[in-house]
Amino acid sequence: MSMRSTGEGIGRRDLIKRSAALGLISVPTMSFLSACASGGGDTSTKGPDKGAVTKENPFGVAKGGKLDVVVFKGGFGDDYAKAWEAAFDKKWGTTSSHLGTQEIAAKLQPRFNGGNPPDVIDDSGAQQIKVDVLAKGGQLAELTAVLDAPSLDDPAKKVRDMLIPGTVEQGTQGGKFVALYYVYTVFGFWYSGKLFKEKGWAEPKTWDEFLDICTKAKAAGIGGLAHQGKYPYYINVVIMDLIAKKGGLEAMKAIDNLEPNAFEGNPAALAAVEAVYEVVEKDLLMAGTNGLTHTESQTAWNQYKAAFIPSGSWLENEQLKQTPDDFDMKFLPVPTLADSKLPFEAIRAGAGEPFIVPEKAANKAGGLEFLRSMLSREWSTLFAQQANSLTVVKDGVDPNVKLRPGTASAVAAVKTAGSNTFSYLYPDWYSEMDTEIQNASNELMAKRIQPKEWIKRAQAAVDKAAKDPNAKNNHRS
Amino acid sequence: MSQVAQGKGRIGFIAGFLVLPLALYLTFVIWPYIQTFGYSFTNWSGQSPTFDFVGLDNYAALMKDEVFRGALWHNLLLLVFVPTVTILLALFFAFMVNAGGRSGAGGVRGVWGSSVYKIVYFFPQVLSLAILAVLFGAVYRSDEGGLLNGFLTKLGLVDPVHPVEWLNQPDLALWCLLLVVVWHGVGFYLVLFSAAMQSVPKDIYEAALLDGAGRAQTFLKVTLPLLWDSVQTSAVYLGIAAMDMFVLVSTMTSGQFGGGPDHHSEVMATVLMRNFLYFGKSGYACAMGVVMLVLTMILSIVTLRATRRERIEF
């Protein structure tokens, strides 16, 4: 009964050695298999899928590969993405697979967890996967390479130089640029060019002129101001824009930074709220607008039942079906109060729709190239045509292309505004405070509270948010 | 000896059947409850897997939360009115449909056309709550386009320039919603009570009639006592519905997950969802969930106990 192993069986030591060897072989094999299963060429294991890196091809996209694109199919639809993919396939000989969906999280969470995410994602909508969560989990590719690559429009320039200011900051998480917020949104009032022409009304530049038109409209049996009463978010745009314009960027930052005099003791804030309340007091609101949803009030406005409505530049695309052909939609920056620090032309503007490339994407080079193409004037124009909205590409729309009137007037307003843009951050930082201010605005519009009471309630919301542990991390200068 | 073995065999046999459903029940019903209970002691944000244990902080904050207290008060109001109004109306209609008519022949029957009424009354029950919300959204619409406003304007009762903003009035919103729930529920409970009434032997009614009982007397002395079991069960069901109300409030009223104007139609479920999904205070929301669970259980027990009566066999 010797303990030594004979040739007949496998000794304990041999077993361990062999299984270790088996493990060494099987690990790379498994990843190779999984790379095959994910359908795309994993650049690290499959040589032919990596193209040569050249000036024209800075990320080394392989000709004839595969590209997997998932986009949020919301207010902008997904036709624009299909147009992009067609252009991409034509140039690179790739085969794109396209998925337009509202269920981003449900469709993509398993793929992220399984290590086979798509190559490009528009991570938006109510069911988006939070960008900061993905970034913390190391799931996102750093996109700085895209910023430093040569622009497709002018190879002498970098992509970075083609973007409107703020784009990089907005997509930076923990010091890394990981998300490209692509759709540029401007906020303000909208009116019908046709109606104004008929009535001989001029575009109001001051709040008094604005009230004057509202009064004339009311006399003509039309409502002055319509707003999306069920969602006080929209009337808050007006109030906050008036505050920022009257009090300047300092007044805006005071709110974002939760300062004790953000509203209380801030004359600009009181003047802004009183200005909006004047519309209520003088009975210049469209009948019933306080209780309507966004679609109901916007449709009423499209039926010439009101002169003005506040909204972001997604409005035209959202109302496409309800807008009469000759409506001639026009954008109007929020008119200014007396002694405003910002000019009439200043607008609130910000970017939405974050596009990301997963770190583990099978065709990461393709994903990066896709983003670089998105930041070309050609693709930006495609987007403006298909989705009726602007992009973060500076002057990104070919002037020869005919846009719908609302988008065209928004493009013009962005141009006129130049660097005179501003943007609030508190709604993203402090949703509870935002909700409470919205509630106060709802009461104000229904004439149940007075401007002073609104100020008190808004300040209380700010003071409460200042106690939030998140308040330590958020600060803008 | 053989009896013991038989007993063991039977237990094994029964357990064999029960093990799978029990496991499913434990995994998908009981475990989430326990998890919720556990999360209610943390500051979990709902968006990241990390959180800290905070003890009873959430429950302490809940006591001071005016919005939640307001919501609780609204739930209690609904708890009183939803079952009472629904059951009274359903009982009345069921009685009229089944025993309210009186023919010369002396038999017991419903009012004329009752078989049609029964079907018509049941219609609202067929609609899902989501459709109901859209439907009544159109009824309560705050401009002339709304059914109520349009009607009242035509009658000259409402000024077309200042229509009633039904769901945007602090003192009206909750009652408008109550009406929808009652409208939805009456039909179902009418059918339920009808079935119960039909199982009451006709001779009891006939005897009452021969003794000269009027409709009201027949109802109070004969029908209601014999229906008590059904009424009791209905009260519990409607009570639980009144404790929920999430779908209607969240879709019909203003605010993130409803509750507007200015928290005047808030119920516990809407406050919970807002904290859970929108404010990123999931641990806090779990504490609300636990409070709702406890309250609903107390409610069921109290209702069943308080309405217990001697059973009448027939």
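About 1,900 Å² is buried between chain A and chain B, and carbon and sulfur atoms give 45% of this area. Buried area here is the accessible area (1.4 Å probe) that two parts lose on being put together, summed over both. In chain A, the residues that lose the most area to chain B are A:K230, A:E432 and A:R448, together 24% of what that side buries. The model is predicted: local features need pLDDT of at least 70, side-chain atom pairs count only at pLDDT 80 or more, and totals for chains, interfaces and linings use all residues. Residues are numbered from 1 along each chain as its sequence is written, chains are lettered from A in the order in which they are written, and side-chain values use heavy atoms, with hydrogens and water left out.

Chain A brings 21 residues to the contact and chain B 24 residues, with contact meaning heavy atoms within 4.5 Å. The interface holds 2 salt bridges (a side-chain nitrogen of Lys or Arg within 4 Å of a carboxyl oxygen of Asp or Glu). A salt bridge joins the side chains of A:R457 and B:D262, at 2.6 Å, N to O.

The largest nonpolar core has 75 residues. Such a core is a set of buried Ala, Val, Leu, Ile, Met, Phe, Trp, Tyr and Cys residues joined through side-chain atoms within 4.5 Å, where buried means under 20% relative accessible area (1.4 Å probe, protein chains only). A:W84, A:Y182 and A:F355 have the most contacts inside this core. A:Y182 touches residues including A:W84, A:F355 and A:W379. Another core, of 67 residues, lies apart; among them are B:L79, B:A213, B:F219 and B:L226.

How values were computed:
Buried means under 20% relative accessible area, exposed over 50%, partly exposed in between (1.4 Å probe, protein chains only). Lists of a residue's contacts leave out its neighbours within four places in sequence.
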